[in-house]
Amino acid sequence: MEQEHEKDEIRKRKEQAYLNDEFILEQFYTKMKEYPNYRIKGKPKIVYRDYCTYRINFDALYSWDANFYYPEKVNRTVEIVLNLDDDTYSFSPIKGDLR
């Protein structure tokens with residue numbers, strides 16, 4: 001019974017640390033560094049929250065070549081799903097693609 005209580009306490013601490021807009025946006029910006037062809041414009045908006053699932057909509061300038069910018073303005077939505085059990089998350093586009 002004590003182990004269950006300890007697991008519950010750990011989960012509550014993780015929920016407090018990870019299930020907030022600031023943490024989610026930090027993960028968003030970190031992950032978007034893997035897509036150098038996109039330059040985020042303005043502030044991304046969290047448009048959906050359901051426990052561990054967040055959707056973020058953002059405007060960006062996209063260029064087919066990260067070294068030569070002839071930008072096209074695009075609007076994208078991505079989904080971040082946290083896995084509190086192993087401290088990981090998934091990141092996937094749900095509106096538009098990220099090339």
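# Reading the sheet, the rings and the core

Author: An open sheet of 4 strands runs in the order β1-β2-β3-β4, with antiparallel pairing. This is a predicted model, where local features need pLDDT of at least 70, side-chain atom pairs count only at pLDDT 80 or more, and totals for chains, interfaces and linings use all residues. Residues are numbered from 1 along each chain as its sequence is written, and side-chain values use heavy atoms, with hydrogens and water left out.

Reader: Why are β1 and β4 said to stand at the edges?

Author: β1 (38-50) and β4 (88-95) each have a single partner strand, so one side of each is left without a neighbour in the sheet. Strands are DSSP runs of E, at least two residues long; helices are runs of H or I, at least four; both are numbered from the N terminus. Neighbouring strands of this sheet are turned by 25° against each other on average, direction ignored.

Reader: How do you know that β1 and β2 pair?

Author: Two strands pair if DSSP finds at least two bridges between them. β1 and β2 (residues 53-62) have 9 bridges, in the antiparallel sense. Ile46 stands opposite Ile56 in β2. Asp50 stands opposite Thr53 in β2.

Reader: What makes Tyr51 stand out in the turn?

Author: β1 and β2 form a hairpin with 2 residues between them, and Tyr51 in that turn has a positive phi of about 55°. Tyr51 is a residue other than glycine. With a relative accessible area of 42%, Tyr51 is partly exposed. Buried means under 20%, exposed over 50%, and partly exposed in between (1.4 Å probe, protein chains only).

Reader: Which loop holds Asp87, and what is its phi?

Author: Asp87 lies in the loop between β3 and β4. Its phi is positive, about 55°, although Asp87 is not a glycine. At 45% relative accessibility, Asp87 counts as partly exposed.

Reader: What makes helix α2 a partner of the sheet?

Author: Contact means heavy atoms within 4.5 Å. Helix α2 (residues 21-32) packs on the sheet and touches β1, β2, β3 (72-83) and β4. The direction of α2 makes about 140° with that of β1. Axes are lines fitted to C-alpha atoms, for helices over the stretch in contact, and angles run from 0 to 180 degrees between N-to-C directions.

Reader: Why is the pair of Tyr18 and Phe23 called tilted?

Author: Rings of Phe, Tyr and Trp (its six-membered ring) pair if their centres lie within 6.5 Å; planes under 30 degrees apart count as stacked, over 60 as edge-to-face and the rest as tilted. The centres of Tyr18 and Phe23 are 4.9 Å apart and the planes stand at 35°, so the pair is tilted. By this rule the count comes to 5 aromatic pairs.

Reader: Are Tyr18 and Phe23 buried or partly exposed?

Author: Tyr18 has 24% relative accessibility, so Tyr18 is partly exposed. Phe23 has 19%, so Phe23 is buried.

Reader: Why is the pair of Phe28 and Tyr29 called edge-to-face?

Author: The centres of these rings lie 5.4 Å apart and the planes are at 65°, so the pair is edge-to-face. Phe28 is buried, at 0% relative accessibility. Tyr29 is partly exposed, at 38%. Ring pairs link Phe28, Tyr29 and Phe58 into a cluster.

Reader: How do you know that the charged end of Arg55 sits over the ring of Tyr48?

Author: A charge sits over a ring if NZ of Lys or CZ of Arg is within 6 Å of the ring centre and within 35 degrees of the ring normal. The charged end of Arg55 is 4.8 Å from the centre of the Tyr48 ring, and sits over that ring.

Reader: What makes a nonpolar core, and which residues touch the most other members here?

Author: A nonpolar core is a set of buried Ala, Val, Leu, Ile, Met, Phe, Trp, Tyr and Cys residues joined through side-chain atoms within 4.5 Å. The largest one has 20 residues; Ile24, Phe28, Met32, Tyr38, Phe91 and Leu98 touch the most other members. α2, β1, β2 and β3 give two or more residues each. β2 gives the largest share, 5 residues. Not counting residues up to four places away in sequence, Met32 touches Tyr38, Ile40, Phe58, Phe91 and Leu98.

Reader: Why is Lys14 called buried?

Author: Lys14 has a relative accessible area of 17%, so Lys14 is buried. Lys14 belongs to helix α1 (residues 2-18). Beyond four places in sequence, Lys14 touches Leu19, Leu84, Asp85 and Asp87.
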